[in-house]
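Here is a friendly set of questions about how terms are applied to a protein model.

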Amino acid sequence: MATSKVSIKLLVDRNKQKVLFAEASKDVIDFLFNLLCLPMGTVVGLLQNKDMVGCLPNLYKSIESLNEAYMQPNASKDVVLKPEAVIAVSEFRLSLTDDMSTAKKVYMCGNSYSGNKHPYVSYDPRAICPKCMEFMSYEVQPVDPPGVKRQASSGGGGGYVKGLITYMVMDDLVVNPMSTISSITLLNKFNIRDVGVLEEIDVTFGMEEALKLLKASLQSKSVLTDTFLENQPTFHETATPTTYRLG
């Protein structure tokens, strides 16, 4: 796993012990967006020892314990248990798996290289070409469609979103660009009349928090609160709250 950490600033209503929203950098938003690219087998593998609800952990363990003798000769349990990410994310500061640092590999048979038209590709070098019955063990370079390949941007390099912008992340993971107007609107929406009950908390966002967030995102509508405030003291146990600054 990657070990990089990033910071995130939470605006907390201490009376309700609830995160109203977070101010997040590009690195955090890239991480959140990339959760949608995680294969299901990767998600279950990461969360199976963290009291994941449902039956998928049982299915995962069943495949783990299944003897290889029951698998097809050209099939591997790792294809299901440790699937590779389709998109390379090596430029991300925060990711949940090392597998995501490399793009998915594609293979063809040797006859395709010699000019014969064998229009087959495989993600597994042990696959057999249906036309010549040889192993498809020659790696080829996949090409991204227009708009998918991410170049370094003027806002600070790679990933999904531009840097030099602060983003607002709601407790239920709704993401929008940060602005003073949006902050005021949200305070009105949450019926905040006394800003003295608000506190800014800077937290470090690493692998432990990432796994908690992933689990909470599958079970809860208050993901940030569940992830970051679980062991936080109540309002009355803390010192004077930090004055909240709009914008």
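What follows is a run of questions and answers on this predicted model.

Q: What makes up the protein in terms of helices and strands, and what share of its residues is buried?
A: There are eight helices and seven strands. Of the 247 residues, 40% are buried, a label that requires under 20% relative accessible area.

Q: What makes Glu-200 and Lys-9 a salt bridge?
A: The closest N and O atoms of Glu-200 and Lys-9 are 4.0 Å apart. The rule asks for a side-chain nitrogen of Lys or Arg within 4 Å of a carboxyl oxygen of Asp or Glu, so the pair is listed as a salt bridge. Glu-200 sits in strand S7 (residues 198–205) and Lys-9 in strand S1 (residues 6–13), so the pair ties together parts that are 191 residues apart in sequence.

Q: Why is Glu-200 called buried?
A: Its relative accessible area is 16%. Buried means under 20%, so Glu-200 is classed as buried.

Q: How many salt bridges does this rule give?
A: The count comes to five salt bridges. Among them is the one between Asp-30 and Lys-26.

Q: How do you know that Asp-30 and Lys-26 form a salt bridge, and what separates them in their helix?
A: Their closest N and O atoms are 2.8 Å apart, and the cut-off is 4 Å, so the pair qualifies. Asp-30 and Lys-26 are four residues apart in helix H1 (residues 26–34), which puts about one helical turn between them. As background, an α-helix has 3.6 residues a turn, so residues three or four places apart point the same way.

Q: Are Asp-30 and Lys-26 buried or exposed?
A: Buried, in both cases. Asp-30 has 3% relative accessibility and Lys-26 has 8%; the limit for buried is under 20%.

Q: Why do Asp-124 and Arg-126 get their accessibility labels?
A: Asp-124 has 12% relative accessibility, so Asp-124 counts as buried. Arg-126 has 37%, which falls between 20% and 50%, so Arg-126 counts as partly exposed. The two residues also form a salt bridge, with their closest N and O atoms 3.1 Å apart.

Q: Which residues does Asn-74 contact beyond its neighbours within four places in sequence?
A: Asn-74 is in contact with Asp-124, Arg-126 and Ala-127. Asn-74 is found in the loop between H3 and H4. The C-alpha atoms of Asn-74 and Arg-126 are separated by 5.5 Å, although the two are 52 residues apart along the chain.

Q: What makes H2 mostly covered?
A: Six of the eight residues of H2 are buried: Gly-41, Thr-42, Val-43, Val-44, Leu-46 and Leu-47. These buried residues pack against helix H3 (56–65), helix H4 (77–81) and helix H7 (207–217).

Q: Why are H2 and H3 called roughly perpendicular?
A: They pack at an angle of about 95°, with their axes 10 Å apart. Angles of 65 to 115 degrees count as roughly perpendicular, so H2 and H3 receive that label. Where they meet, Met-40, Gly-41, Val-44 and Gly-45 in H2 touch Leu-56, Pro-57 and Tyr-60 in H3.

Q: What covers the buried residues of H7?
A: The cover includes H1, H2, S7 and helix H8 (223–228). Among the buried residues of H7 are Met-207, Leu-211 and Leu-214.

Q: Why does Leu-173 count as partly exposed?
A: Its relative accessibility is 25%. That value lies between the 20% and 50% limits, so partly exposed is the label for Leu-173.

Conventions. Residues numbered from 1 in each chain as written. Predicted model: local features only at pLDDT ≥ 70, side-chain atom pairs only at ≥ 80, totals over all residues. Heavy atoms only, no water. Helix = DSSP H or I, 4+ residues; strand = E, 2+ residues; numbered from the N terminus. Buried < 20%, exposed > 50% of the residue type's maximum accessible area, 1.4 Å probe, protein only. Contact = heavy atoms within 4.5 Å. Axes fitted to C-alpha atoms, helices over the stretch in contact; angles between N-to-C directions. Parallel < 35°, antiparallel > 145°, perpendicular 65-115°, else oblique.
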